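Dear colleague,

Please find below the structure that I promised to hand over to you.

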Amino acid sequence: MAEPIKKVSIVISRGSLEGVYPGLIMANGARMEGIEATLFFTFFGLHAVIEKKMDHLKVATVGNPAMCVPSAMGPGLPTWMGAIPGMSWFATGMMKKEIEKLDIPPIREFIEMIHDTGCEIYGCKATVDMFHLTKKDFCPQVDDIISVGQFYEKSAGSQIIFT
Amino acid sequence: MAVKEYAGKMVELDADGNLAKQTDWNEDVAKALAVEEGIPELNDRRWLVINYMRKEFEAKGDAPSIRKLTKESGVDTKELYTLFPGGPAKKAARIAGLPKPKGCI
């Protein structure tokens, strides 16, 4: 039998709701299986751990040819319609409702929960500098702001997953 | 199907090593399963989680999500991971005599 996975490092690089959730679900799922997990937020993914932004993430409706209404098996939404004002707001509302039905917590609660499972949470130093942010801008669950080199050090023996 | 002895009782196990038949479960079997999971003693807090999971399973047909479990049992996420180190949902379900939980959360 193949060697089981012992440790994962999950990078979250996008700041949309559908860009953040998969990484969070994978990190939490890893901990549930007894796998060590580390989360590393970079570029717009950082929005998921910025105090003022984490409660307001939205579904990206522009440039998404897979977007269908009113549900996944409904007719495709012409891509240009994704740009209509209110579209992202509407799609976000729909997705949040479905997510809640599955008992998946909102971003802030999910980050707290994942941190409580023993998963370490880091922000990317290059992005923090580029966006002129400081540690104070982040939610308390962010353990540290680290460089890519430190990320690789902490990921020793890990499977690295980029999302 | 594998058969193994727990607390002096021969019980059938499913493919995941969990009890195949709920009716085989009793508190002594739970204690023996716990030892196998690296938990030498089932204290009150652990029983609280196990009994909650059994109650939920009976009502819904699947083990509760960790979120529901922590919200309703009064055992928070941190404590849950201390009580059942290395995979709380999976371990607690096995000790509770339930199949491996199907949910992702």
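**Cysteines**

Cys124(A) is buried, having a relative accessible area of 9%. Please keep in mind while reading that this is a predicted model. Cys119(A) is likewise counted as buried, at 1% relative accessibility. Cys124(A) takes part in no disulfide, as the nearest cysteine sulfur, which belongs to Cys139(A), lies 16 Å away. For Cys119(A), the closest cysteine sulfur is also found in Cys139(A), at 12 Å, and this is too far for a bond. A search of the whole structure gives zero disulfides over all chains.

**The largest pocket**

The largest pocket has a volume of about 510 Å³. It is lined by 24 residues, and those closest to its centre are Met67(A), Cys68(A), Ala91(A), Met94(A) and Met95(A). Two helices of chain A, α1 (17-32) and α2 (87-101), each supply at least two residues of this lining, and the largest share, eight residues, comes from α2(A).

**Salt bridges**

Side chains of opposite charge can pair when their charged atoms come close. Over all chains, the count comes to 20 salt bridges, and a few of them can be looked at one by one.

- In chain B, Lys60(B) forms a salt bridge with Glu56(B), with 3.2 Å between the closest N and O atoms. Both residues lie in helix α2 (residues 44-60) of chain B, four residues apart, which is about one turn of the helix. Lys60(B) counts as exposed at 53% relative accessibility, whereas Glu56(B) counts as buried at 8%.
- Asp28(B) and Lys31(B) meet through their side chains in a salt bridge of 4.0 Å, N to O. They are separated by about one helical turn, because they stand three residues apart in helix α1 (residues 27-36) of chain B. Asp28(B) is partly exposed, at 45%, and Lys31(B) is partly exposed, at 42%.
- Lys21(B) is joined to Glu12(B) by a salt bridge whose closest N and O atoms are 3.8 Å apart.

There is also a network of salt bridges that links Glu100(A), Asp103(A) and Glu109(A) with Arg67(B) and Lys71(B).

**A nonpolar patch**

On the surface, Phe43(A), Phe44(A) and Met130(A) form a nonpolar patch, with about 310 Å² of accessible area together. Met130(A) belongs to helix α4 (residues 125-130) of chain A and is partly exposed, with a relative accessible area of 43%.

With best wishes

Note on methods
Residues numbered from 1 in each chain as written. Chains lettered and ligands numbered in written order. Predicted model: local features only at pLDDT ≥ 70, side-chain atom pairs only at ≥ 80, totals over all residues. Heavy atoms only, no water. Patch = residues over 30% accessible without salt bridge, like charges linked within 9 Å, V, L, I, M, F, W, Y side chains within 5 Å. Areas by Shrake-Rupley, 256 points an atom, 1.4 Å probe, with all protein chains shown as cover. Buried < 20%, exposed > 50% of the residue type's maximum accessible area, 1.4 Å probe, protein only. Disulfide = S-S within 2.5 Å. 1 Å grid on protein atoms, 1.4 Å probe; cavity = no way out; pocket = protein on both sides within 12 Å on 5 of 7 lines; lining within 4 Å. Points joined across faces, edges and corners; volume = space filled by probe spheres on them.
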